[in-house]
Amino acid sequence: DDENVKIFERDFLAKHLQMGLIDKDTPFELVAELKYDGISVEADVTDRILSARSRGDANNDIAADLTPILGGYKFPYAAPIPENEAFGMKFEAIITHINLDRMAKLRDKSYKNSRNGIIGLFGSSDAYDYRDLITLVPLATSIEGIDRVTEIEFLNKYYNSGEYLRY
């Protein structure tokens, strides 16, 4: 019963049962997704990134412009779309362990872990030079009217860059 420990059954399902949102005798569907530990990115996309920004501090309307790093990042499986039909996409920018090792050698630096590596890269003036080491995991789109599983399958099919949103 430590309030600092989150337990799926106790803290999620029990709360929803108490609120009457689910009924213990009625089957329901649930999509669970793997949490990726990187940097949140919001972008306008077609078959490439047109503009990108960090999630930033929403309360103070402050976000970092990531377009100089991620602008033009191509999604080879996505069909070309006119820029006036671009839509919003959320990604988690990560660096894989293999690419972290590559980046450490290329930059002659060491990183404690992949999260520190991606944060350090995005904060550096030469981040664009190492853009190919960044993996964007697609998380969500601004496209309306599709269920979550269909959305994830769309993301994974057309907007993965080597790592799928696992669910």
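Which exposed residues does the face of helix 3 turned away from its buried side carry? They are Ile 98, Lys 105 and Leu 106. This is a predicted model, in which local features need pLDDT of at least 70 and side-chain atom pairs count only at pLDDT 80 or more, while totals for chains, interfaces and linings use all residues. Residues are numbered from 1 along each chain as its sequence is written, and side-chain values use heavy atoms, leaving out hydrogens and water.

**Helix 3**
- Asn 99, Leu 100, Met 103, Ala 104 and Arg 107 are buried in helix 3 (residues 97-107).
- They sit on the same side of helix 3 because they cover an arc of only 145° around the axis, taking directions from the helix axis to the C-beta atoms.
- Buried means under 20% relative accessible area, exposed over 50%, and partly exposed in between (1.4 Å probe, protein chains only).
- Helices (H or I, at least four residues) and strands (E, at least two) are DSSP runs, numbered from the N terminus.

- Four strands make an open sheet in the order 2-1-3-4, with antiparallel pairing.
- Strand 2 (49-54) and strand 4 each have a single partner strand, so one side of each lacks a neighbour in the sheet.
- Strand 1 (residues 39-45) pairs with strand 2 over five bridges; pairing takes at least two DSSP bridges.

**Leu 139**
- Leu 139 belongs to strand 4 (residues 135-141) and, at 22% relative accessibility, counts as partly exposed.
- Beyond its neighbours within four places in sequence, Leu 139 has contacts (heavy atoms within 4.5 Å) that include Phe 91, Arg 148 and Leu 165.
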